[in-house]
Amino acid sequence: MADIAQETAAAEEKIPEKANPGKQLLFDLMDIIQAGLAAIFIYLLAFTYLFQPVNVDGTSMVPTLYDTDRLIMEKLILQPQYGRIVIIDDKEAGHFTDETHSAVYNMPGMGIVLIKRVIATAGQEINIDFQKGEVYLDGVLLDEPYIADPTTRNDEAFTYPLTVPEGYLFVMGDNRLFSSDSRNPSVALVPEDQVLGVAVMRIDRNDDLCAKWTDNFDWL
């Protein structure tokens, strides 16, 4: 009899406890809430320190960007390299002290936020043939499929060729005939510390410019 009792007790121990549906549902809901809060925290953290929405004001970047386009700007990781579109707080404009380009001094800039494309960085030589509308970087003719017109506008900020000094950028708008950029004395050489970030994606565009809803979006 003792053996039978022991076997019965052992069998009872092996019977799994019935699951409590209400309790399991509560655990599932808590997991979902926890994951949701984590996602919200990461989103807020990213858009506070890493990304920022930016609105385009003006036509200087047509046909790449149009007035009222909405962009996402990355603020920490990407560097302002050739070809990238940057957002600039144009407080100061860098100018050479003489025609030999021996030193640079800063004078007041336009005092507004600009969106332009990086054409040359520190140490690179830029030359512009305004008669032909051609731009050369380190002696190589640039292939610029993004521009609206050839680069024939000269606002006489500099004589060319010039080598971009350390700590500065040479930028231009894609709408070369209607852009105030490094060719203009009010913008001239852009101090690197005035770059607020790099535009990485367009996320919204005027409906009149979109044939389908996906035209709102594009990587930059």
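**The protein at a glance**

Of the 220 residues in the protein, 35% are buried, where buried means under 20% relative accessible area, exposed over 50%, and partly exposed in between (1.4 Å probe, protein chains only). This is a predicted model: local features need pLDDT of at least 70, side-chain atom pairs count only at pLDDT 80 or more, and totals for chains, interfaces and linings use all residues. Residues are numbered from 1 along each chain as its sequence is written, and side-chain values use heavy atoms, with hydrogens and water left out.

**Overall make-up**

- The protein has two helices and 14 strands; these are DSSP runs numbered from the N terminus, with helices (H or I) of at least four residues and strands (E) of at least two.
- Among contacts in the protein with a separation of 6 or more, 64% are between residues 24 or more positions apart, a contact being heavy atoms within 4.5 Å.

**Aromatic rings**

- The count comes to five aromatic pairs, by a rule that pairs rings of Phe, Tyr and Trp (its six-membered ring) if their centres lie within 6.5 Å, with planes under 30 degrees apart counted as stacked, over 60 as edge-to-face and the rest as tilted.
- Phe 96 and Phe 158 make an edge-to-face pair, 5.6 Å centre to centre with 70° between the planes.
- That pair links distant parts of the chain, 62 residues apart: Phe 96 is in strand β4 (residues 92–96), and Phe 158 is in the loop between β9 (140–141) and β10 (162–163).
- Phe 158 also pairs with Phe 170 in a tilted arrangement, at 6.5 Å centre to centre and 45° between the planes.
- Because Phe 158 lies in the loop between β9 and β10 while Phe 170 is in strand β11 (residues 168–172), this pair ties together parts 12 residues apart in sequence.
- Phe 158 counts as buried at 8% relative accessibility, and Phe 170 is buried with a relative accessible area of 0%.
- One aromatic cluster is formed by Phe 96, Phe 130, Phe 158, Tyr 160 and Phe 170.

**Out on the surface**

- Ile 32 has its place in helix α2 (residues 21–49) and counts as exposed, at 57% relative accessibility.
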